[in-house]
Amino acid sequence: MAKKHKPRVKAPKTASPGEVMEIKTLISHEMESGQRKDRKTGELIPRQIINRFECKYNGETVFSADMHPAISANPYMAFYVKAGESGELEFLWHDDNGDVYSHSQKLEVA
Amino acid sequence: MTTPVTAPAITRRHFMITVAAGSAAAAWLAAAPARADKAMVDEAMKALIGDATPADGAEIIRLDLPQIAENGNTVPLGVSIDSPMTEDTYVKDVHVFADGNPRPDVISFHFTPKSGLAEASTRMRLAQTQNIVAVAEMSDGKVYMTQAEVKVTIGGCGG
């Protein structure tokens, strides 16, 4: 599963204090809306989406989003984070099935 | 918009869609689940912001949307609000709704002072031409709302 839903994150590795950094993320996921019907059986395909995205900076949630089936497949998210202290940026995607996909990377502030 | 203007426009649009996409699309439209409407958007909004009455946010919330989306499966959506984003004054949440999708909720962005900027973007599905409504909740409790129409050439739900 972890391989199937591969997160991609474009975030700076270094920043100056107070700098507002643009962060872009993408994760491969079908975002099955629960509105589609199986072409063969005619039955509704059960909903399975990423319902929440979170960005943590040194353990603190600095940006998050609740997503609904109206979000496109392979959900893209661009947002900003203000650089404070050096540490870690962590990105979490919460799947309807309870799985959490994550990516983390170091940020050096100087 | 007044009723005499709206009614012929919708009829014409349905006619155009049917002609353009043929019987398959017509069958799909007929089988499509009920669409959200203004009342459903209001209900979804109430679930998130309670009884607050949003003030006109046309000058406050910037909605970044295409006027025409050729593919409803992936329509760029951006929101941004000018805010100092300090502990005292910041944008807490921006909720986005679509009044012509099977369900009105699209996304809720949650900002913090450490976001630095109250700006975010993603991509959404739109089933048909419709209004996108954005509601912003500020740290001082003020609530603003704005909306914009996106014309959709090929709907992005089901199928």
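This is a predicted model: local features need pLDDT of at least 70, side-chain atom pairs count only at pLDDT 80 or more; totals for chains, interfaces and linings use all residues.
The largest cavity comes to about 90 Å³, a volume being the space filled by probe spheres set on points joined across faces, edges and corners. Its lining (residues with an atom within 4 Å of a point) has 10 members, with Gln35(A), Pro69(A), Ala70(A), Pro102(B) and Arg103(B) nearest the centre. That lining splits into 4 nonpolar, 3 polar and 3 charged residues, with Pro counted as nonpolar and Arg as charged.

As for nonpolar cores (buried Ala, Val, Leu, Ile, Met, Phe, Trp, Tyr and Cys joined through side-chain atoms within 4.5 Å; buried is under 20% relative accessible area with a 1.4 Å probe, protein chains only), the largest holds 57 residues. Phe63(A), Phe79(A), Phe91(A), Val94(B), Ile107(B) and Phe109(B) touch the most other members. Another core, of 8 residues including Val41(B) and Met45(B), lies apart from it. Leaving out residues up to four places away in sequence, Val94(B) touches Ile81(B), Ile107(B) and Phe111(B), among others; contact here means heavy atoms within 4.5 Å.

Then there is Thr112(B), in the loop between β6 (105-111) and β7 (118-124) of chain B, strands being DSSP E runs of at least two residues, numbered from the N terminus. Its side chain reaches the backbone oxygen of Val62(A) at 2.7 Å. Beyond four places in sequence, Thr112(B) touches Thr61(A), Val62(A), Met85(B) and Tyr90(B).

Residues are numbered from 1 along each chain as written, and chains are lettered from A in the order written. Local features need pLDDT of at least 70 and side-chain atom pairs 80 or more, while totals for chains, interfaces and linings use all residues; side-chain values use heavy atoms, without hydrogens or water.

Notes:
Buried means under 20% relative accessible area, exposed over 50%, partly exposed in between (1.4 Å probe, protein chains only). Helices (H or I, at least four residues) and strands (E, at least two) are DSSP runs, numbered from the N terminus. A polar contact is a pair of N or O atoms within 3.5 Å; within protein, one must be able to donate a hydrogen and the other to accept it, and residues adjacent in sequence count only if both atoms are side-chain atoms. On a 1 Å grid over the protein atoms alone, a cavity is a set of points where a 1.4 Å probe fits but cannot get out, and a pocket is an open set with protein on both sides within 12 Å along at least five of seven lines; lining residues have an atom within 4 Å of a point.
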